[in-house]
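The following note is intended for a colleague who is new to this structure. Its points are numbered, and each may be read alongside the coordinates.

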Amino acid sequence: MAKVKLKQPVVSEIKELLDGAESAVVVDYRGISVAQDTALRKKLREAGVSYKVYKNTMIRFAAQGTAFEALEPNLEGPTAIAVSKTDATAPARILAEFAKTAPALEIKGGVVEGAYYDAKGMEKISGIPSREILLGKLLGSIQSPITNIARVLKQIADAQGGEAAEA
């Protein structure tokens, strides 16, 4: 009974972390150095992503009854979990980018917006730019035709203005 009381706060902490999360990615961190781990944690923290190592059984208990329950097959061996409540692709993107410099870091799988993805699926998701970049591209594509129309109208007005001055 005493062990259950000790584990309950950890399970509650994980539940709170997963509550309202856009995405969660589990990784095998074996083989990365302390310096690499520190650098990874810093990058994730800067992006607003929570990254922590928990026991697999604690994650299982906390994820029961949620979309994150799909992570169960990936909860073997040393596991760290990266969770984002704001940007759904941030954990996958940052972890995949970091794994290029630290090949020992292995993405096991994840849940993004309620859908489970294995390691290959997470690799594809890591290629999706952040929401801000996508909105910027959308705004640029909307503004481009308007800007071109404004230039053409100005050229027409300038041409007609030049003809009126000659007359």
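1. Glu113 is exposed, with a relative accessible area of 59% (exposed means over 50% relative accessible area, buried under 20% and partly exposed in between, with a 1.4 Å probe and protein chains only). Glu113 lies in the loop between strand 4 and strand 5 (115-118); helices (H or I, at least four residues) and strands (E, at least two) are DSSP runs, numbered from the N terminus. Its phi is near 50 degrees, a positive value in a residue other than glycine. Most residues other than glycine have a negative phi.

2. The model is predicted: local features need pLDDT of at least 70 and side-chain atom pairs count only at pLDDT 80 or more, while totals for chains, interfaces and linings use all residues. Residues are numbered from 1 along each chain as its sequence is written, and side-chain values use heavy atoms, with hydrogens and water left out.

3. Helix 2 (residues 34-46) packs with helix 4 (residues 90-101) at an angle of about 155 degrees, the axes being 10 Å apart. Axes are lines fitted to C-alpha atoms, for helices over the stretch in contact, and angles run from 0 to 180 degrees between N-to-C directions. The two helices are therefore roughly antiparallel to each other, a term for angles over 145 degrees.

4. On the side of helix 2, the contact is made by Gln36, Ala39, Leu40, Lys43 and Leu44, and on that of helix 4 by Ile94, Leu95, Glu97, Phe98 and Thr101; contact means heavy atoms within 4.5 Å.

5. Phe98 is found in helix 4 and is buried, with a relative accessible area of 5%. Leaving aside residues up to four places away in sequence, Phe98 touches Gln36, Ala39, Leu40, Lys43 and Leu105. Phe98 and Ala80 are 18 residues apart in sequence and 14 Å apart in space, C-alpha to C-alpha.

6. Which residues have the most contacts inside the largest nonpolar core? They are Val27, Leu40, Leu95 and Leu105, in a core of 23 residues. A nonpolar core is a set of buried Ala, Val, Leu, Ile, Met, Phe, Trp, Tyr and Cys residues joined through side-chain atoms within 4.5 Å. Helix 4 gives the largest share of this core, 7 residues.

7. Leu95 touches Val25, Val27, Leu40, Leu44, Ala82, Leu105 and Ile107, residues up to four places away in sequence not being counted.

Key. Angles under 35 degrees count as roughly parallel, over 145 as roughly antiparallel, 65 to 115 as roughly perpendicular and the rest as oblique.
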